[in-house]
Amino acid sequence: MDTAPLHEPFIATRGLTREYRMGPAVVRALADVSLNVQRGEFLAVLGVSGSGKSTLLHLLGGLDSPTAGSVLVNGRDLATFTSYERTVYRRTVVGFVFQSYYLVPSLTAEENVALALTFQGRFGREGRRLADEAIRRVGLVHRAGHRPSQLSGGEQQRVALARAIVHTPPLLLADEPTGNLDSATAREVVSLIQQIHRDLGTTVVMVTHDHEMAGRLADRVVRLRDGRLAEEGAAGA
Amino acid sequence: MRTWRIILLAIGSLRRTPLRVGLTALGVAIGSSALVSMVAFALGVQRQAETPFRALGLVNVIRVSPKRDKDAGRGPALDDAALQRIEALPGVEAAYPDFRVRGLKIALGDKTTTAVAIGLPRDVPLPGTAGDLLVAGEYFTPGTRPEIILGTQVARDLGLDTPQGAIGATLRLETSGLAPAEAAKTFTFERKDLAVTVVGVYDLPNLMAGKMSGAVLLPVDLMRQIPGVESGSLLDRLKLGADPTQPGYPEVTVRVRRHTDVAPVDKAIQAMGFRTRTLLSRLEDMRTFFLFMDVLLAAVGAVALLVAGLGIINTLLISVLERYQEIGICKAIGASDGDVFVLFLTEAGAIGLIGGLCGLALGRAVCWGLEAAINSYARAEGITAYLEVFAFPLWLVTATVLFSAGISVLAGVCPAVRAARTDPIRALRRE
């Protein structure tokens, strides 16, 4: 993957379309989206709910397959990946943060973070060190032994963030990470994401409906409306 | 290593629903305990039935006789030369003529009794665990000393009240019979008294008691001195249709070292041109019956375990539904389909293993209780020997645990496949 030419975008979509069948009706969640994400870029995807933002993220993260069009990773079509390569892509290249945190309720914060490492085949001393580091990065060392039910929403999202970056993935996909949080907590989480982006050079694609926040943080903002790319502009535009 | 980690993860997640996991494992435990106790019963009964044969070493015995005339051609003579050839076969412990005298008169002072005398070789010890049957004294000593071993019944009949007290007593054997003269053309009636020393007393377990404790054992060389013993079975020989003028013994006992030697030695002796009979072959018939019994009882137990398997399927399917979202999360953070499959299959296997081990303990406890009950009933009926109704050989223990784990893993396949195929998007979307 690193052999790709430097001018080539890290992630690109070409005519990306995703349709869902809902009984007799076909719902088009994403229609003909073409988009380039450069390595190290912070891209915000704006849109109201139902505009296809999450679908876009799922497609970028290899969780879902497009009906038409393609997702290119370093120029290689994700559709040509074998099922195992796709798993490895999810495991090593992508880190996911969701609106509803999606922590495993029976595991402590630290165990949740380590879970991602387990699937990557890293555990024992190395796993603990990486998990500790990720938890320190999100500032939750004092809450590491708590279960999700004992944590506030903001704390849970920070655990989820630690889990997403524990393996220092080059790509962080954040799906409305502040959607369930009050504005003060939201700011904390967002500034953490920004810090990770800056410190680790992580490419971030963040979906949000808060265009003020998007404009403030992102290098570039794109807007989705009814599954189509509506406009594209530089941050602050 | 990575898979091992995932297995540990699966075992950890069993703790989340202890009641449900416990009940499911209990189902497996009941199933496997049914299986193990049923088979243990079948094995126990079989062992109980075979023990007497084994104890007397009868399993390792081949009886050899000359071919009858009506068989294809007349076979070679079963004489001392033939005995030597048989004794030289690999695996053979001893070969000796099967001397047996019925109604042998035994006297001690003014007390007399009659008994069956059985000839046994001096130079080889008693077969199997038969040596344990000696309650006093020793087996015959090598040499030619006139010795006798008494059954407890005979000892009592002679007024020797304790087995220990009988050792060293000198008895008089009053023998008589038709001894051959002039190369077996004519016979003369002979009487002969033999003085013998008691060297041992044997007793038989209650179950096999009866006639046998009314017998005495004599060394083969001593038996030869009893007039007519070598020709005494002339009538038997005629009855069998054999040539009465043929030299040699009507029947010879061949003892082999191990029961696995029976078949090859049997074959070799047949190849020499003799007829053979083995108890093992009759025991095989009995075993076929027991095999049927084993299979039947195992089937009943297996049905119980299969029902428990359905319980596992049910439990895990519910678990898959409950953890639908969690499966989605795991996939989103890098779990492969295979990882999820292993995760759920391990849970099934662990439930099975726990259930199997508990079932084993449960089965063992139940059998122990039943055995105690059966024995107290047996004692009330006057049977003093302890009856081991159940047998738990190591293979049964291992097989039970492996079988319950196996069934459980099998039951886990369907839920595990379902979990592995979960679409992460749909799983994540469900709130």
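Helices (H or I, at least four residues) and strands (E, at least two) are DSSP runs, numbered from the N terminus. The model on view is predicted: local features need pLDDT of at least 70, side-chain atom pairs count only at pLDDT 80 or more, and totals for chains, interfaces and linings use all residues. Residues are numbered from 1 along each chain as its sequence is written, while chains are lettered from A and ligands numbered from 1 in the order in which they are written.

**Chain A and chain B**

Select chain A to begin. Its secondary structure comes to seven helices and ten strands. Of its 237 residues, 48% count as buried, that is, with 20 or more other C-beta atoms within 10 Å of their own, C-beta atoms being placed from the backbone.

**Where the chains touch**

Display both chains. Their contact (C-beta atoms, placed from the backbone, within 7 Å) takes 21 residues from chain A and 19 residues from chain B. On the side of chain A that touches chain B, α2 (83-92) and α3 (109-119) of chain A each supply at least two residues. That side divides into ten nonpolar, seven polar and four charged residues; Ala, Val, Leu, Ile, Met, Phe, Trp, Tyr, Cys and Pro count as nonpolar, Asp, Glu, Lys and Arg as charged, and the others, Gly among them, as polar.

**A helix pair in chain A**

Select residues 153-165 (α5) and 183-200 (α6) of chain A: these helices pack at an angle of about 15°, with their axes 9 Å apart. The angle makes α5(A) roughly parallel to α6(A), a term for angles under 35 degrees. Among the residues that meet are A:G153, A:Q157 and A:L161 in α5(A) and A:T185, A:V189 and A:L192 in α6(A). By class, this contact has six nonpolar, four polar and two charged residues.

**The nonpolar cores**

A nonpolar core is a set of buried Ala, Val, Leu, Ile, Met, Phe, Trp, Tyr and Cys residues joined through C-beta atoms within 7 Å. The largest has 129 residues, and those with the most contacts inside it are A:V113, A:L161, A:A162, B:V39 and B:F344. Helix α2 (residues 18-55) of chain B gives the most to this core, with 13 residues. Centre the view on A:V113: not counting residues up to four places away in sequence, A:V113 touches A:A131, A:A134, A:I135, A:V159, A:A162, A:R163 and A:V166. Finish at a second, separate core of 54 residues, which includes B:Y96, B:V101, B:L218 and B:M223.

Note on methods: Two residues are in contact if their C-beta atoms, placed from the backbone, lie within 7 Å. Axes are lines fitted to C-alpha atoms, for helices over the stretch in contact, and angles run from 0 to 180 degrees between N-to-C directions. Angles under 35 degrees count as roughly parallel, over 145 as roughly antiparallel, 65 to 115 as roughly perpendicular and the rest as oblique. A residue is buried if 20 or more other C-beta atoms lie within 10 Å of its own, exposed if 12 or fewer, and partly exposed in between; C-beta atoms are placed from the backbone.
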